[in-house]
Amino acid sequence: MRDIRRTVRQTIWVAATLCIPSWTVLWNAEAILVHLLDQDPALAHEAARFVRAVMWGMLPSLCFLVLRAFVAALEKPAWSLVVMVGLLVVNAGLNWLLIFGHAGLPALGLLGSGMASSIANGLSFVAMASVIVYVRPFRRYHLLGRFWRADWPRYRAVWKLGLPIAITLGFESTVFIAAVFLMGLLGTVPLAAHAIAIQIASVTFMVPLGIAQAATIRVGLASGRGDRAGIGRAGWAAFAIGEGFMVLTAALLVLAPQLLIGIILDVDAPANAPVVALAISLLAVAAIFQVVDGAQVIGAGMLRGLGDTTVPMIFAAVGYWGIGIGVGAWLAFARGWGGVGIWTGLATGLAVVSVLMMARWHARERLDLG
């Protein structure tokens with residue numbers, strides 16, 4: 001229990017450390033928008049008001065994530081789900097009150113939205129902390145007792161394990177941002193079709209993402225017990241569940257693309273025909289994309305359960321940017337494939353990462369990972 005308590009406390013310390021430079025940048029958002037990004041001063045002023053209001057929700061939000069990971073590691077994730085649902089309700093209500101000025105409150109517009117988010121994030125942390133303090137499975141850990149005591153060895157250990165994970169996630173998120181910019185170079189129709197296809201793919205991706213987090217926990221528990229057979233069972237079970245789901249969604253993308261596009265866009269409107277046609281082509285590529293994207297995220301989760309984060313980070317850098325964006329840009333512009341080329345490049349990069357992740361998992365005993 002003491003070891004768990006040390007880790008949770010120092011992870012919250014890491015979260016607080018991250019907030020200090022972030023707050024410094026966000027507090028100067030107006031100057032950055034105007035002088036570095038050449039944005040309209042009036043718009044930059046309004047954006048800065050929002051940022052200065054919303055930035056104070058960062059620390060409670062990060063602390064909530066730490067406590068959410070703690071309850072998930074104890075295999076009680078339903079508590080975080082309950083708090084998250086409450087957060088959505090509270091955030092929506094506060095936005096309604098503060099943006100539009102209902103119930104006698106002033107209409108604060110964008111500033112009100114930022115205030116609502118900060119208040120909701122603060123309440124979510126208070127709610128999760130209350131669960132930790134008062135609910136029987138968690139209160140015996142006394143996580144928040146003597147919180148001010150430093151533990152520099154554990155603090156450094158959290159950074160050593162977590163920073164490569166953060167960089168990996170950064171590579172993954174920024175590669176899709178880069179894809180948006182590349183689509184924008186091709187025109188409005190490819191950009192619109194990309195927005196539709198990526199929305200559909202993002203929704204289905206939430207399932208293997210959750211399975212990957214479960215894999216990290218289950219593999220980590222087996223690794224902590226020194227149960228090599230249990231490590232294998234936990235990892236392969238997660239992989240089978242996640243990939244089974246993604247194969248089903250891939251089939252849906254191929255067999256009923258118009259049905260899915262119709263949720264977002266009127267497929268019968270003549271003006272939308274070019275966007276719909278290209279979105280159907282992108283979803284055909286996304287069928288492959290789905291399978292390999294699920295495999296790479298679950299593979300990464302399995303390896304994290306063994307404490308293996310640095311090499312997967314290198315895999316992500318090479319696969320997402322070196323191959324994904326490189327091949328995508330070449331196919332789109334040099335070979336004339338357009339938007340389909342960009343998506344083909346992304347699928348290729350994800351496929352390479354998934355193969356590398358699973359090859360490393362398969363060789364885990366030989367590499368003395370677990």
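**Helix packing, pair by pair**

User: At what angle do the axes of H10 and H12 cross?
Analyst: Helix H10 (residues 228-255) and helix H12 (residues 273-304) have axes that come within 8 Å. Helices here are DSSP runs of H or I with at least four residues, numbered from the N terminus, and axes are lines fitted to C-alpha atoms over the stretch in contact, with angles from 0 to 180 degrees between N-to-C directions. This is a predicted model, numbered from 1 along each chain as its sequence is written, and local features need pLDDT of at least 70. The H10 and H12 axes cross at roughly 170°.

User: So how are H10 and H12 oriented to each other?
Analyst: Under 35 degrees counts as roughly parallel, 65 to 115 as roughly perpendicular, over 145 as roughly antiparallel and the rest as oblique. With a crossing at roughly 170°, H10 and H12 are therefore roughly antiparallel.

User: Which residues of H12 make the contact with H10?
Analyst: On the H10 side you'll find Gly235 and Trp236, among others. The H12 side of the contact (heavy atoms within 4.5 Å) is Leu283, Ala286, Ala287, Gln290, Val291, Gly294, Ala295, Ile298 and Met302.

User: How many charged residues does that contact of H10 with H12 have?
Analyst: Ala, Val, Leu, Ile, Met, Phe, Trp, Tyr, Cys and Pro count as nonpolar, Asp, Glu, Lys and Arg as charged, and the others, Gly among them, as polar. The H10 contact with H12 has 15 nonpolar and five polar residues, and the charged count is one.

User: How do H1 and H4 lie to each other?
Analyst: The axes of H1 and helix H4 (residues 58-73) come within 9 Å and cross at roughly 155°. That makes the H1 and H4 pair roughly antiparallel.

User: How many nonpolar residues are there in the contact of H1 with H4?
Analyst: From H1, residues including Ile4, Val8 and Trp23 meet H4 residues such as Met58, Leu62 and Phe70. The contact of H1 with H4 has two polar residues and no charged ones, and the nonpolar count is 15.

User: And what's the orientation of H1 and H8?
Analyst: Helix H1 (residues 2-27) and helix H8 (residues 152-186) have axes that come within 9 Å and cross at roughly 65°. H1 and H8 are therefore roughly perpendicular.

User: Which residues of H8 make the contact with H1?
Analyst: H1 brings residues including Asp3, Arg6 and Trp13. Side-chain values use heavy atoms, with hydrogens and water left out, while side-chain atom pairs count only at pLDDT 80 or more and totals for chains, interfaces and linings use all residues. The H8 side is Trp152, Arg154, Tyr155, Val158 and Trp159.

Notes: Helices (H or I, at least four residues) and strands (E, at least two) are DSSP runs, numbered from the N terminus.
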